Amino acid sequence: MTIRKTTAMIAAITMLSVGACAKKAPDTLPPAPEGTGTDTGTGTDTGVVPGSQADFIANISSDRIFFDYDQYNVDAEDQATLRSQAQWLQRNPAVRVTLEGHADERGTRDYNIALGERRANAAKNYLASLGVDPNRIQVISYGKERPAAIGSNEEAWAQNRRAVTVVIGR
Amino acid sequence: MLRPTLFSLTLMLTTASALAQTPPPADPAPATPRETIEGELSQDRTVIAIPALATPQVATVAGLRTDSLGRQIAEVIAADLERSGLYAPLGPGSVRAIEMGEVRAPRFADWQARNAENVVHGFVQASGTGGFVVGCYLYDTQLGSELVRQGFEIQPADWRRAAHKCADAIYSRLSGEAPFFDSRVAYIAESGPKGNRIKRLAIMDSDGGNHRFITNGQALAISPRFSPDYKKIVYVSYLNDRVRVFIYDIASGSQKLVTESGNATFAPRWSPDGRQILFSMAVGGNTDIYRVSADGGTPVRLTNAPGIDVGGSFSPDGRKIVFESDRSGSQQIYTMNIDGSDQRRISFGGGRYATPEWSPRGDLIAFTRIGGGEFRVGVMTPSGGGVRLLTNSWQDEAPTWSPNGRVIQFFRTSPGRDGKSSLWQVDLTGVNLRRLPTPQDGSDPSWGPVLP
């Protein structure tokens, strides 16, 4: 709904706001996977299989975007992350992904599944607006079932309110 | 099967009472672990003496001795009545055993001397058809009168049910409330680290007895609900990395999808007659509530607000549905007719209101209130009045009603990296708060009706 309506403006905003202050990114990000590099190489010379999850991680700014409490809007920082994902997906057109939506533990179980659906779909819709075929993206909500950080504090909750893109193959 | 045998009871007692005294019962196997009691119970609870049930003749059926079974049944009766919060039972561990002849001729003076206003007597006898006959009597020690007389013919595996039925008869006679002990609970057994919990479907008696795991934990299982006939469980399984509502058939061990859809389906609930299922479905990120025949067919969409409409619970007459929606900007409770008409908000207090469950009595709706960083369980009337919070902890979530609408079970989660969930129950006073014994951690309890 709202997501679709604002898609046209989003690209423009993204250009202006990349590098703007991170208002809600967690202070501590999850550890970087093995062999992470921020360059745009394909990673073939490091033994990473092109089009694999490792290749994806190695060539995007992050596999996940974060949300405010009970929110699901994709802000400027999220857009930059998703743009890097979209570029990789366009270089690997046969690859399909799952978008996992997650919520922190401060919502009730069923509501959090619905909230995770909102978040995963918001990310999916943004990738689609960048030209990624939505049929390549499947969505699943885990609600509060699979926290990335297990503390019960704002820092942990901020890491858990997330949509994560995972390569599932070709 | 549990078959009332009122007629044969009198006959058997007359013949049995002439028999010789029975030896003291052997040490019984321990019953379920004791609950943790948190509340401050009333000091003037009715004292009820519950000696071990007598046996006219010690016999062993299916490995169960009638004398030790008599003691175990008395222990379950005492535990049930204790859990109700209304009574102070003196179980078989604290009163003398009785002889068979006392069952219908209690020594009232003895029990008055123990300050017991009531005494429960009974017997266990091999039935001759591979089971037992259990007799259960309640007496008023002051008046010297009989208040309850019940008899059951049971299969060995059902012995706990005879105890629950006896406790129900006593509870109903003394409190005037409908029975609730002889009922079952479906819930989710949890284990493993917080970031990767293993969640299994499990079932048990309302007191934690006869526990059984249903699913093996390979697929995440959440939000089960027993069908009203206890033959099926509707729940959400993450089988094959999808979120879908399944109906699990307990006898066959097979399960089927409630509806075929590429979308996530979750938050299932039965109608009171077991013929229909409510569920929530997310389409493109927008969740609405649907109703479908339990036998399949095309689902009927009941809500179409752009927000999250989720959950739901039928009124006991099957004519209305209470559900939650964030259409106002935050989770609140609404009611509607079962065709989706007349949707109206009923919760207006501060904070958010979630997981509404209509009492089987129809008079109250239980909910989870979210506010101040905590979840608390409370009740309100179906029009939204009389809001009362019954619990006060970090996270108390997802109330489910006892069959008589007097007690609520829910799950309590503790905060932090080692945070765990456990099953609790509280009565409508909020005072009688207890933790239920489960072999692992537990969440998402769903309490079914009284067994026939």
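**Figure 1. Asn210(B) in a loop of chain B.** Asn210(B) is located in the loop that links strand 11 (198-205) and strand 12 (212-213) of chain B; helices (H or I, at least four residues) and strands (E, at least two) are DSSP runs, numbered from the N terminus. The model is predicted: local features need pLDDT of at least 70, side-chain atom pairs count only at pLDDT 80 or more, and totals for chains, interfaces and linings use all residues. Residues are numbered from 1 along each chain as its sequence is written, while chains are lettered from A and ligands numbered from 1 in the order in which they are written. Although Asn210(B) is not a glycine, its phi is positive, at about 50°. Most residues other than glycine have a negative phi. Asn210(B) counts as partly exposed because it has 14 C-beta neighbours inside 10 Å. A residue is buried if 20 or more other C-beta atoms lie within 10 Å of its own, exposed if 12 or fewer, and partly exposed in between, with C-beta atoms placed from the backbone.

**Figure 2. Ala62(B) in a loop of chain B.** The loop between strand 4 (60-61) and strand 5 (64-65) of chain B contains Ala62(B). Ala62(B), a residue other than glycine, has a positive phi near 50°. Because Ala62(B) has 11 C-beta neighbours inside 10 Å, it counts as exposed.

**Figure 3. Strand 14 of chain B and its partners.** Six of the six residues of strand 14 (residues 232-237) are buried. Lys232(B), Val234(B) and Val236(B) lie on one side, and Ile233(B), Tyr235(B) and Ser237(B) on the other. Strand 14 of chain B pairs with strand 13 (residues 221-226) of chain B in the antiparallel sense over four bridges; two strands pair if DSSP finds at least two bridges between them. Ile222(B) has Val236(B) as its bridge partner. The hairpin of strands 13 and 14 of chain B has five residues between the strands, and Tyr230(B) there takes a positive phi near 65°. Strand 14 of chain B is also joined by six bridges to strand 15 (residues 244-249) of chain B, and these two run antiparallel. In this pairing, Ser237(B) is opposite Arg244(B). Six residues lie between strands 14 and 15 of chain B in their hairpin, where Asn240(B) in the turn has a positive phi of about 55°.

**Figure 4. The open sheet of chain A.** Four strands of chain A form an open sheet in the order 1-4-2-3, with mixed pairing. Strand 1 (64-66) and strand 3 (137-143) of chain A are its edge strands, each pairing on one side only. From one strand to the next, the twist averages 20°; axes are lines fitted to C-alpha atoms, for helices over the stretch in contact, and angles run from 0 to 180 degrees between N-to-C directions. Six bridges pair strand 2 (residues 96-102) with strand 3 of chain A in the parallel sense, and Leu99(A) is opposite Val139(A).

**Figure 5. Helix 4 of chain A.** Helix 4 (residues 76-91) of chain A has 16 residues and reaches 23 Å from its first C-alpha to its last, close to the 22 Å expected at 1.5 Å a residue. The expected span is 1.5 Å times one less than the number of residues. Among the buried residues of helix 4 of chain A are Leu82(A), Ala86(A) and Leu89(A).
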